[in-house]
Amino acid sequence: MKLSVIIPVYNAEKYLNKCLDSIIPQLEINDEIILINDASVDNSLLICQRYVKKYNKVILINNKENKGIAYVRNLGLKYATGDYILWIDSDDWVSNKYLPVIKKYLEETNSDILIFDYTEVNNQIYKYKAYKEKSGFISKKNIMIDIAQDSFMSLLWRTVAKKNLYKNIEFPQKIQMMEDFYIYHKLFYEAKTFFYLKDNLYFYRILEKSLSHKKEQNFYEIYRISLEREKFIREYCSYIEERYRMVPVVINACLLSGTNYILRREQIRIRKLIIKNVKFFISRKYINKKKKFQLLMYMISPSLLSFIRRILKK
């Protein structure tokens, strides 16, 4: 079995050494790491070149101009030669048992997709994030329901998938964010067998990345992407109820209250959906208290939610 670990790199000089030092010692003879430097303006390229020179299992692709994360991911898939694809963000790092454990369970289960737990790292605060109570196979129906409502987050770096599942999937270069959310449900739809490993294998570093001044446009992009996922699931997974499919749509609609991005008839439809399923939405453990409050305010009036948000900003 050969694993391809794809690591997109952009201005990551502060964290890149720790990232690479955590994964390289775990590589076996057939494995490969593909570093894709997307025209970094710091010392990231020099760091990549140093590791390539030292380790023959590390491959470097250097973009002369910045192409964006979607282009980089597509490029990584093009050059990957492994049986399975793994993703690591260049500002994160992995457990010292990451690859051995992943290989062990892939060989034992022969799963199309394996997912595992991770830890959020916010400054010096570590928070373990688990999907379920214990390891085991998950039916396609159940995991697609969870993806539909985004109950365990669409994160490529906690997902190991057979390369052939990406055959008909392309990361869209027309969007500037949430490229993993955009394709995640399609990836799982292509698969047949799924295994969840209850083990903390990844450390996700939360960085202060400020949104641009076009904040509302960013929220609208997120909303639009969630609508596209809902449409796909409605067409190809008809067994999933509307209330599950609409969770991401409803949550992201709340971010646009008081703007002109959502037509009034769409706001009315979303309010009616919340009213009809309010107990369902409030009972979802993965929806935090802040979002539940926003849902309730939106149900009463999108304008009220917008007013409250403006007051809190003052």
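**Stop one: a buried pair**

Select Asp112: it is buried, at a relative accessible area of 12% (buried is under 20%, exposed over 50%, partly exposed in between, with a 1.4 Å probe and protein chains only). This is a predicted model, where local features need pLDDT of at least 70, side-chain atom pairs count only at pLDDT 80 or more, and totals for chains, interfaces and linings use all residues. Residues are numbered from 1 along each chain as its sequence is written, and side-chain values use heavy atoms, leaving out hydrogens and water.

The side chains of Asp112 and Lys162 form a salt bridge, 3.2 Å from N to O (a side-chain nitrogen of Lys or Arg within 4 Å of a carboxyl oxygen of Asp or Glu). Asp112 sits in the loop between helix 4 (98-109) and strand 6 (113-122), and Lys162 in strand 9 (residues 159-162), 50 residues apart. Helices (H or I, at least four residues) and strands (E, at least two) are DSSP runs, numbered from the N terminus.

**Stop two: loop to helix**

Select Lys132 and Asp146. Their salt bridge spans 3.9 Å, N to O. Lys132 lies in the loop between strand 7 (125-129) and strand 8 (136-138), Asp146 in helix 5 (residues 140-148). Lys132 is partly exposed at 33%; Asp146 is buried at 13%.

**Stop three: zoom out**

Show the whole chain. Count 13 helices and ten strands. Of its 314 residues, 53% are buried. The structure holds 18 salt bridges.
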